[in-house]
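Subject: Structure for your review

Dear colleague,

Please find the structure below, followed by an account of what was found in it. I would be grateful if you would read the two side by side.

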Amino acid sequence: MIQLKGGYDFTGEPVFVEKKIVQFHRRMRVDGLEKFGARTVFSAVKFYTSVETMERDEALGVLVVFVEADYLSRLLWSLDYPRIDEDDDAAILDGCGTLANLIAGYFVKEIYDAGYIHLQMSHFESYINTAVNGISFCPGQDRKYEARFLLQGDRRVTAELTMGPVPRVS
Amino acid sequence: MKIIIVDDSLLDRKLLSRTLVNSGVKNEILQADNAEAAFALIAGNIGDIALLFLDYQMPQMTGVELMEGLVKVPATAGIPIVMVTASASEESRQAAYKVNPRLAGYLLKPFKPDQLMAAARPYVQTDA
């Protein structure tokens, strides 16, 4: 999406890293500051197997998209969104959520096209630097996968994904 | 007549609104960031709504649930609705059309201006 619509070329192949989930009270610890060493905004979109599990907030997985706050406006601009004020917390929280929603939508389509069920997506939750109370996730999982994307030579966007077993379309 | 945009993302509302205006749409554009605010806005403008843009993923009540409520009420059942979503799967599209077979359009984010106007043009006032 970023390559096609935004006209960006990734500087290199994304780097994937498997990580252990740090959890407390069945919520996943998520910290943005460690990603870029700078002010970071991040947004989470949760996935559910059905509308019913979504209503009970029984998430099967969660995608967290991290963006260096000072880079977010440029990234969104490349996708034809209006410019946002990077010093306006509400604007960057909303902007990162909008981006995470787009990426999650593509993810749902890709896994559906690969023969898995259609996952329901939550609305986004956004945070700056850290999610103090953590983020709910599939409690049976203890690993998450981090993808680091290099844009214009620097690490600008990182995504973390944890996901329980997604049923195949029967 | 008015256009109502319902989306929890301010940025998406701005993008939609700006694209409509830049495409020459003359209708007044109103915005709501959740279903409850949308119901209030719709109730206050019954009979004066040209088109409703509805986001699929919203907190508390999804766009499909909101639309389900609207199509059950005779006074709002005829409002043209364009669903706007990041969920590109065929199943989401079918779920929306099942709730509202008269759906005026199903728009995928990020959309292009001509895709937006193809859905909106039959219902809005433009320069041309």
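Apart from its neighbours within four places in sequence, A:Val65 is in contact with A:Phe42, A:Ser43, A:Cys96, A:Leu99, A:Ala100, A:Ile103, A:Val157 and A:Ala159; two residues are in contact if their C-beta atoms, placed from the backbone, lie within 7 Å.

The model is predicted: local features need pLDDT of at least 70 and side-chain atom pairs count only at pLDDT 80 or more, whereas totals for chains, interfaces and linings use all residues. Residues are numbered from 1 along each chain as its sequence is written, while chains are lettered from A and ligands numbered from 1 in the order in which they are written.

The core. A:Val65 also belongs to the largest nonpolar core, which has 84 residues; A:Leu63, A:Val64, A:Val65 and A:Cys96 touch the most other members. Such a core is a set of buried Ala, Val, Leu, Ile, Met, Phe, Trp, Tyr and Cys residues joined through C-beta atoms within 7 Å. A residue is buried if 20 or more other C-beta atoms lie within 10 Å of its own, exposed if 12 or fewer, and partly exposed in between. In soluble globular proteins, nonpolar side chains tend to be buried together.

Helix α4 of chain A. Residues 89-113 form this helix, and eleven of them belong to the core, the largest share. Helices are DSSP runs (H or I, at least four residues) and strands likewise (E, at least two), numbered from the N terminus. Of the 25 residues of α4(A), 18 are buried, so the helix is largely enclosed by the rest of the structure. A:Gly115, with a positive phi near 105 degrees, follows α4(A).

Chain B. This chain has six helices and five strands, in the order β-α-β-α-β-α-α-β-α-β-α. Buried residues account for 41% of its 128 residues. Its C-alpha atoms fill a box of roughly 35 × 30 × 25 Å along the principal axes.

The interface. Here 20 residues of chain B are in contact with 23 residues of chain A. On the chain B side, α1 (10-22) and α5 (90-99) are the elements that give two or more residues, and α1(B) gives the most, with six.
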